[in-house]
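Biologist: Could you walk me through this one? I would like to start with the aromatic rings and then move on to the rest.

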Amino acid sequence: MANSTNFGRQTKEKSRFFLNTTEIAGIQIINGSYNTNADHINYLGISNCRYAPRGNYKSNFSIDSLLISNDQFIGLTGATGFNGYIISDKSFPTKDNFSFTSGYLSSYNLKCSIGQIPNISVGIDVYGNAGKFHKIESTSSRVHGDFLSIPSVNSNLLLSIADPGSLNISLDEFTTNRCLSYNLSINVKRLPIYPLGYSQPLFVETIYPIEVNCSFQLEKSDYLASTLRDFPGNEKTQNLTISMNDLENGLPFTSYNFNEMKFMGESYSSTVDGNVGVNLNYKTYLQRPN
């Protein structure tokens with residue numbers, strides 16, 4: 001009989017990710033890194049080597065996840081900061097963890113194509129602490145800690161999963177033309193404000209407007225191409241809705257709505273091996289909330 005001993009390895013079954021106090025289902029990849037920013041301090045009369053931090057502390061995380069049940073990341077494209085915890089045991093969250101505080105979303109991407117489950121990729125800039133946490137986070141963090149508030153009891157929630165056959169996309173071009181894939185991306189610029197004497201920013205400003213790009217790949221039926229010189233005098237603006245239904249019961253569980261998506265360009269392809277294809281690009285900007 002094979003020996004199942006893992007020789008002390010922390011396997012994927014023991015790695016769980018929490019966004020604040022909510023566990024995220026569907027995580028595929030998490031990458032996190034930080035640099036100490038230490039620099040050698042050298043001057044006349046010193047023989048030993050000393051180091052001091054030069055510049056502000058910052059770390060970076062990226063996450064890839066399948067869209068299951070709820071999109072917990074789309075609401076973080078605004079000015080909201082958050083914490084993230086990679087732990088192996090909710091009963092003892094300080095035992096094996098690699099975590100961060102005061103994270104701010106810098107990029108968001110939602111994509112899906114035929115034969116795939118919708119996938120979310122996010123980039124996170126972290127202005128608080130990062131690494132292994134031995135106790136509750138410092139209250140000096142811009143986003144106060146949730147580390148010891150993570151519930152220790154597992155929840156038995158039913159998970160909702162969307163496949164390509166349970167998506168609804170509302171845009172005029174899709175009435176009769178077959179959509180093969182879409183790619184939605186949101187880029188968020190941040191400006192941390194550091195006064196002298198502070199290692200963490202007093203606040204992190206979101207720079208508006210926030211750019212939203214969406215592209216679609218179609219197999220052409222009755223789609224009519226636009227003309228380059230129609231823009232900007234005769235620009236085309238449409239509202240976009242993408243909704244997800246559970247593949248088991250067909251009930252909707254999440255949706256995305258963007259108004260006044262402006263048509264930015266298209267590409268056309270025709271080969272002897274396939275149908276005529278069209279790629280469409282749209283863009284809009286999210287303004288600062290009143």
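Modeller: Rings of Phe, Tyr and Trp (its six-membered ring) count as a pair if their centres lie within 6.5 Å, and planes under 30 degrees apart are called stacked, over 60 edge-to-face and the rest tilted. Please keep in mind that this is a predicted model, in which local features need pLDDT of at least 70 and side-chain atom pairs count only at pLDDT 80 or more, while totals for chains, interfaces and linings use all residues. Residues are numbered from 1 along each chain as its sequence is written, and side-chain values use heavy atoms, with hydrogens and water left out.

Biologist: Okay, so how many aromatic pairs does the structure hold?

Modeller: The structure holds 7 aromatic pairs. One of them joins Phe 61 and Phe 100, whose ring centres are 4.6 Å apart with the planes at 45 degrees, so this pair is tilted. Because Phe 61 belongs to strand β6 (residues 59-66) and Phe 100 to strand β8, the pair ties together parts that are 39 residues apart in sequence; strands here are DSSP runs of E with at least two residues, helices are runs of H or I with at least four, and both are numbered from the N terminus.

Biologist: Are Phe 61 and Phe 100 buried or exposed?

Modeller: Both Phe 61 and Phe 100 are buried, where buried means under 20% relative accessible area, exposed means over 50% and partly exposed is in between, using a 1.4 Å probe and protein chains only. Another pair is Phe 216 with Tyr 282, and here the centres are 6.2 Å apart and the planes at 75 degrees, so the pair is edge-to-face. That pair links distant parts of the chain, with Phe 216 in strand β13 and Tyr 282 in strand β16 (residues 277-286), 66 residues apart. Phe 216 and Tyr 282 are buried as well.

Biologist: And which residues form the aromatic cluster?

Modeller: One aromatic cluster is formed by Tyr 34, Phe 61, Phe 82, Phe 98 and Phe 100.

Biologist: Changing topic, how many helices and strands does the chain have?

Modeller: The chain has 0 helices and 16 strands. Of its 290 residues, 38% are buried. Taking contacts (heavy atoms within 4.5 Å) between residues at least 6 apart in sequence, 70% join residues at least 24 apart.

Biologist: Where do Ser 102 and Glu 260 sit?

Modeller: Ser 102 is found in strand β8 (residues 97-113) and is buried, with a relative accessible area of 0%. Glu 260, by contrast, has its place in strand β15 (residues 252-269) and counts as exposed, at 52% relative accessibility.

Biologist: Last one, which residue lies over the face of Phe 263?

Modeller: Lys 236 lies over the face of Phe 263, at 4.5 Å from the ring centre; the criterion is that NZ of Lys or CZ of Arg is within 6 Å of the ring centre and within 35 degrees of the ring normal.
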